[in-house]
Every structure is written in structure tokens, then in C-alpha cells.
Amino acid sequence: MAEAIPQTTTAATGSSVRAALVAAIAISAFTLSVATFELAMADWPSGFVLLVVMPLMALIFCGCALWSATLLLRVRKGGLKFALPFLICALTLAALVYAPLQQIALQQNFDWHRKTRERIVARIEAGELSPNVSYNKNLIALGDREPNVSAGGNDIVVDETDEGTYVLFLTSRGLKHYFTGFLRVPPGGDPNKFFEFEDKPPSQLVRYDERWYFVAN
């Protein structure tokens, strides 16, 4: 009977560390996922979801970090394993502050969909696709039959000019006509000449390739 008590205590300690470690990993992973794909989820109506998810996720992560910090008090008696949950939270916080998570997600989006988007641009230039939305002469609704290459319902925005066709594939579509996306310009084209920027230049303009730009209004 005297030997059973330490064994039980050791088992309970190991179990508590594992539970804390699993919780820290799960919460940190979900927090990083939300931060990485925040821009992609910002289009209507999921933008409203973010108003709930982001603050709630921040509270849960802060609570996890504080809870893991209390486990540091048990390091002296229980060993360094009690510092692992706090270390995971600290590394997650560092990634949130310093890692370019959204840029990584955008680059992945660009690389993953580039060939499909270029095929769609070729079809537009060949006259196979043209604006098909009655209330907007610049909008092509690709619908569910085409690959999903544009946020907000798989609609793309086109601008026919003398120098060629500008095509915008959306990555987010927010309230008050706010949008972000990849703009494909014609040869010698200037993204600032896209009709959406006639009244105001883009708030973001990042070149991804010779004729591809990430833009935001």
C-alpha cells in the first residue's frame, strides 16, 4: 500500500502534463490558422463571423497562456515537462507577431490557382467568357461549374480597355465595396488604371509576377 501512493501521484502528474500539452497545441494551432486565413475569411458574410471568432480566439489563447504560465511553478518539483505548454504558447505568440502569416497564405493562394486563373483569362480574351450579370457590366459569375478561383461567390471583375483586358480574382469581399484580390493586367498595363481605382489609388499594390498584382481598394 505504501508504494501505491507515489505511483498514483506520478500517473496523475503525467496525465495533467499531457492534458495541458494537448490543450496548448490545439489552441495554438487553431489560433495560427485563424490568423493565417483571416483575410480569406473576411468576405461577406463570413466577415461577421470573424467579429465573433477573432475576439473569442484571442481570449481563449490568452487564457491558455496564463494557465500554462501557472504550470511553471511546478517545474522545480515536477521537471521541465511542465514548461512545455508555456513554451508552445510563447512560440505561437512570436509567430503571430513576427511571422508573415497572411503573406504566406496569399503566396499559396497565388501559386495554387495561377494556372486555372490564366486559363480563365485566356477564355475571356478569346471571347468565350463575357460579363453575364445584368446589374454589373464588369462582372462575370463563373458559378459552381467552374473551379473556385474567386472569393464572394466565384465572381470575377473584368475591365475592357484599349490596351487589353484587366481581370480581378477576389481574395476577399467586404462591406462598403472593400475588396482584395489578384489583378491580371494586359501587356504593358498599369494596375493603377484598373477602373476600380479611378477615384482612389489602391491602398495595397504588390507585384507577384510580370502581369500579376495583389491589390486592395
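The sections below cover the model, the chain as a whole, and the aromatic residues.

## Basis

This is a predicted model, in which local features need pLDDT of at least 70 and side-chain atom pairs count only at pLDDT 80 or more, while totals for chains, interfaces and linings use all residues. Residues are numbered from 1 along each chain as its sequence is written, and side-chain values use heavy atoms, without hydrogens and water.

## Chain overview

The protein chain has six helices and six strands, defined as DSSP runs (helices H or I, at least four residues; strands E, at least two) numbered from the N terminus. Their order along the sequence is α-α-α-α-α-β-α-β-β-β-β-β.

Of the 217 residues, 35% are buried (under 20% relative accessible area with a 1.4 Å probe, protein chains only; exposed means over 50% and partly exposed in between).

## Aromatic pairs

The whole structure holds 10 aromatic pairs (Phe, Tyr and six-membered Trp rings with centres within 6.5 Å; planes under 30 degrees apart are stacked, over 60 edge-to-face, the rest tilted). The rings of phenylalanine 110 and tryptophan 212 are edge-to-face, because their planes meet at 75 degrees, with centres 5.8 Å apart. This pair joins helix α5 to strand β6 (residues 212–216) across 102 residues. Phenylalanine 110 is buried at 3% relative accessible area, and tryptophan 212 is buried at 2%.

Phenylalanine 169 and tryptophan 212 form a tilted pair, with centres 6.0 Å apart and planes at 35 degrees. Ring pairs link Phe110, Phe169, Phe182, Tyr208, Trp212 and Phe214 into a cluster.

## Tryptophan 112

Tryptophan 112 lies in helix α5 (residues 101–125) and is exposed, at 71% relative accessibility.
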